[in-house]
Amino acid sequence: NRRGEEPMTITPKQEADRRGWIGASDVSAIVGENPYKDAFTLWCEKTGKVPAPEVGEAAEWGNILEPVILSCASKALGQPVVKSTGTFRHPFLDCVKANPDGFVVKCERGSPLVEGKSTSIAEGWGEEGTDEVPSHVRIQVTMQMRCTDSVFAHVARLYHRMGHPDFRLYSVAFSKPLADALDEKVGEFWDYHVQRDIPPDVTAMSLSALGKIGRESKLVPVDPDIVAAFVEARRRAKEAEEAADDAKARLIVALQDGDAAEVLGWRVKYTTVRQERLNADELRTRYPQIAAECTKESGYRKLDVRAIKEKK
């Protein structure tokens, strides 16, 4: 699920089932093309080190809108689109399964696929009727086509933002070279990382999963170079932040008593941003019982790295 969503609970059986295979939508994370998840996080999920991702509000809305999107696709294609009723296995990778949204005319192997997408993000989507879809969508439908012996996939996109829906239909042909390359990466990920429990390289995106891994209260040996690299990166980041603050101050001074400027293709605005915030202190003072009932404890892990002072 995406950040900012309210999760829904899943059963232990569902969580265990998700760990047992790679879905077509997981593959883009393995090859570094998923904007919401990386290979390390996926590895944590598949090895049970963190809970399986919970179904979020956006996914629920996607399920609600799916019949509408498939109906729009049927109208655009001039052919019936039937909802998929089963799970399709990869022809030779037992760890891979696909659950397409629908098929054209018949729900059977070889029929063209229809994958519905409900999104408020326009980036990566090209002109209607082309195959210009975001890379993670192309990877998903390619693995779906591999699992269903289909040679064509229609991607039905419902874009919604500021109350203005926009439906477009895209068509992606099966690419054997791409499918072969993805098969190799997925097989390697499953056999080497999941089965042998060897973690992939971490990225900045891995931080969320790293904070969820269970830990014991103990000292462990760590490569000094890793600590030194973090301390140096932190120092450079602090210098860059201070330089940015200094440049920001000079720019605001340059505006004098104005609040905008245009120079060399840049537009500068220094505006007042209005916002309303809950005054927690006032709420606790005036309505302590309500504040107590609406307060829940939460926590997060904080990485603290500092030099050890020598004892005199």
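Colleague: Which residue stands opposite arginine 89 in β4?

Modeller: Lysine 97 in β4 stands opposite arginine 89. Before we go on: this is a predicted model, where local features need pLDDT of at least 70, side-chain atom pairs count only at pLDDT 80 or more, and totals for chains, interfaces and linings use all residues. Residues are numbered from 1 along each chain as its sequence is written, and side-chain values use heavy atoms, with hydrogens and water left out.

Colleague: What makes β3 and β4 a pair?

Modeller: Two strands pair if DSSP finds at least two bridges between them. Two bridges join β3 to β4 (residues 96-98), so they qualify as a pair, and they run antiparallel.

Colleague: And why is β3 called an edge strand?

Modeller: β3 (88-89) pairs on one side only, and so does β1 (22-23). They belong to an open, mixed sheet of three strands in the order β1-β4-β3.

Colleague: β3 covers just 88-89. Why does that count as a strand?

Modeller: A strand is a DSSP run of E with at least two residues, so 88-89 gets in. Helices are runs of H or I with at least four residues, and both kinds are numbered from the N terminus. The protein chain has 10 helices and 10 strands.

Colleague: What about the other open sheet, which strands form it?

Modeller: Five strands, in the order β2-β5-β6-β7-β8, with mixed pairing. Its edge strands are β2 (81-83) and β8 (164-173). The twist averages 30° from one strand to the next. Three bridges join β2 to β5 (residues 102-104), and those two run antiparallel; valine 82 has phenylalanine 103 as its bridge partner in β5.

Colleague: How do you know which way helix α5 runs against β4?

Modeller: Lines are fitted to C-alpha atoms (for helices, over the stretch in contact, meaning heavy atoms within 4.5 Å), and the angle, from 0 to 180 degrees, is taken between N-to-C directions. Helix α5 (residues 135-148) lies across β3 and β4, at about 95° to β4. α5 also lies across β5, β6 (113-119), β7 (152-161) and β8, at about 155° to β6.

Colleague: Which strands form a hairpin with two residues between them?

Modeller: β9 and β10, and leucine 264 in the turn has a positive phi of about 50°. Four bridges join β9 (residues 260-263) to β10 (residues 266-269), so this pair passes the pairing test too.

Colleague: How do you know how the protein chain stands against a compact globule?

Modeller: The radius of gyration is taken over C-alpha atoms, and the globule rule is 2.2 Å times the number of residues to the power 0.38. A compact globule of 312 residues would come out near 20 Å, but the protein chain has 25 Å. Its C-alpha atoms fill a box of roughly 75 × 55 × 55 Å along the principal axes.
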